[in-house]
Amino acid sequence: MPAAPTAETAGLAPYDAVLLSSFGGPNGPDDVLPFLRNVTAGKNIPDDRLAEVAEHYHHFGGRSPINEQNLALRAALQDELRRRGLDVPVVWGNRNWEPYTSDALAEALSGGARRVVALVTSAYSSYSGCRQYRENLWTSLDDVATRAGAPAGEHPLVVDKVRSYFNHPGFVQANVDAVVEAYEGVDPGTAWPRLVFVTHSIPDTMEEASVVAGASYREQHLDVARTVAADASRRLGRPVEWDLAYCSRSGPPSQPWLEPDVNDHLAALSAAGTTSVVLAPIGFVSDHMEVAFDLDTEALATARELGMSAVRADSVGVREPFVRGLVDLLLERAAIARADDAGLPRPEQATAGDLPPFRSVCAPGCCRMRAGVDSGRPAACSTDPWS
Ligand SMILES: CC1=C(CCC(=O)O)c2cc3nc(cc4[nH]c(cc5[nH]c(cc1n2)c(C)c5CCC(=O)O)c(CCC(=O)O)c4C)C(CCC(=O)O)=C3C
Ligand SMILES: [Fe+2]
């Protein structure tokens, strides 16, 4: 009898392609409005907020850095896979702009793939970071079926997704490295900085619906923040005091979103005597527009007006521990798929912090936009009845 495949010999089987699944962003001024319409379709975003966000993009020539960053991440993933002898294609597709998810899946299909493992460029679990991507995967699979001349529901590919990886050691390690480097880059003579972690705000209703494994979107961030601050303090040999703040709120003013806003928080810290901060964007995996505008343009200007010293830590980008961690997660997902297919126990899953590993196959109703309200939109990568 041949020996059962081990994690090393089985590689990424049963997967024959990797999908890097991201948000998307405009490549030039003409893309800005149609991109924003895609993002906000069916959402309650006021026109003046949209005009303001369009200005953020035009301030950078109508081009978001996110697409180049995803191309760099795809290349880094492909290199790390090859380095480990894993010869599978990595295709890249977005929810809101070209190349779309359906283009990437069609590319994988025409390359011979039948079972794809998806990696989402969002580390945390919430409607925005999980289910909305899975809904997009479902409609993209419908689209690929239709293009192949089949009924929409007859998907020619199966897509599985890597778990939310905010508490994977690779993501956490890359954030610790970035924070330590930021502290080391602070001008000598400046007061010891307070560490302000920053993430994307979401509506309170989305936060309430985001609870997975006992932890909401906010609590997932607090878990990462605690671990990163503790490890960074150890490396720096000096305690670091920290907070969690939010950026990029939209929606009507009457709708509550997670607070404090990073600008308000800097003002409150300044009033309480803080003169120096490091801003660590743990909510984002690359320095895309939310970082380039909301932090580097707006929050750093706020700090200047307050007379505070402020340094921004890098997001994880293509840092080595992060990329290595993503490939570990792909291998983990493949080992889970093999165990599930064979009816065998699943392998151990590495974590950092106090929370358990999040689910590799989402439970019905997880990460809705609002608790108890079913959108009626099917989502891939779950045990929901349609999949
Ligand atoms: C949690 C979260 C992440 C992190 C997880 C992840 O990375 O997915 C994220 C990422 C991003 N958000 C981005 C851009 C935008 N987000 C918007 C609107 C919204 N974001 C929300 C949440 C999040 N967003 C929410 C609840 C809304 C309200 C409308 C809705 O419920 O969807 C709008 C509309 C205008 C506005 O109101 O700001 C834009 C233009 C870009 C691209 C940046 C670039 O181009 O470089 C990226 C990576
Ligand atoms: Fe957003």
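A213 counts as partly exposed, with 17 C-beta neighbours inside 10 Å (a residue is buried if 20 or more other C-beta atoms lie within 10 Å of its own, exposed if 12 or fewer, and partly exposed in between, with C-beta atoms placed from the backbone). Its phi is positive, about 50 degrees, although A213 is not a glycine. The residue sits in the loop between α8 (204-208) and α9 (217-236); helices (H or I, at least four residues) and strands (E, at least two) are DSSP runs, numbered from the N terminus. All of this comes from a predicted model, in which local features need pLDDT of at least 70 and side-chain atom pairs count only at pLDDT 80 or more, while totals for chains, interfaces and linings use all residues. Residues are numbered from 1 along each chain as its sequence is written, and chains are lettered from A and ligands numbered from 1 in the order in which they are written.

C367 belongs to the segment after α12 (320-342) and is buried, with 25 other C-beta atoms within 10 Å.

Now to the sheets. One open sheet has four strands in the order β6-β5-β7-β8, with parallel pairing (two strands pair if DSSP finds at least two bridges between them). The edge places go to β6 and β8 (309-312), each with a single partner strand, so one side of each has no neighbour in the sheet. On average, neighbouring strands here are turned by 30 degrees against each other, direction ignored; axes are lines fitted to C-alpha atoms, for helices over the stretch in contact, and angles run from 0 to 180 degrees between N-to-C directions.

Within this sheet, strand β5 (residues 194-200) has six of its seven residues buried, so the rest of the structure largely encloses it. On one pairing, β5 runs parallel to strand β6 (residues 242-247) and is joined to it by six bridges. F197 stands opposite L244 there, and H200 faces C247. As for β6, five of its six residues are buried, so this strand too is largely enclosed by the rest of the structure. The other pairing links β5 with strand β7 (residues 276-280), again in the parallel sense, over four bridges. L195 has V278 as its bridge partner in β7, and V196 stands opposite L279.

A further open sheet also has four strands, in the order β2-β1-β3-β4 and with parallel pairing. Here β2 and β4 (158-161) are the edge strands, each with a single partner, so one side of each is left without a neighbour in the sheet. The twist from one strand to the next averages 30 degrees. Strand β3 (residues 115-120) runs parallel to β4 and is joined to it by four bridges, with A118 having K161 as its bridge partner. W92 lies in strand β2 (residues 90-94) and is buried, with 22 other C-beta atoms within 10 Å.

What surrounds ligand 1? The shell holds 24 residues, the closest being G25, S64, S250, H288 and M289 (a residue is near a molecule or strand if its C-beta atom, placed from the backbone, lies within 6 Å of it). Two or more residues each come from α2 (32-40), α3 (47-59), α6 (127-147) and α11 (289-305), and α2 gives the largest share, three residues. By type, the shell divides into eight nonpolar, 13 polar and three charged residues; Ala, Val, Leu, Ile, Met, Phe, Trp, Tyr, Cys and Pro count as nonpolar, Asp, Glu, Lys and Arg as charged, and the others, Gly among them, as polar. Domain 1 (7-165 + 319-342) and domain 2 (169-312) each supply at least three residues of the shell, the domain bounds coming from an automatic or database domain assignment.

One of the helices that contribute to the shell is α6. Its 21 residues, at 1.5 Å a residue, should span 30 Å, and the end C-alpha atoms are 28 Å apart, which agrees (the expected span is 1.5 Å times one less than the number of residues). Just after α6, G149 takes a positive phi of about 85 degrees.

Finally, two cis peptide bonds deserve a mention. The bond from A13 to P14 is cis, with omega near 10 degrees, and P14 sits in the loop between α1 (7-10) and β1 (17-22). E259 and P260 are likewise joined by a cis bond, with omega about 10 degrees; P260 is in the loop between β6 and α10 (262-271).
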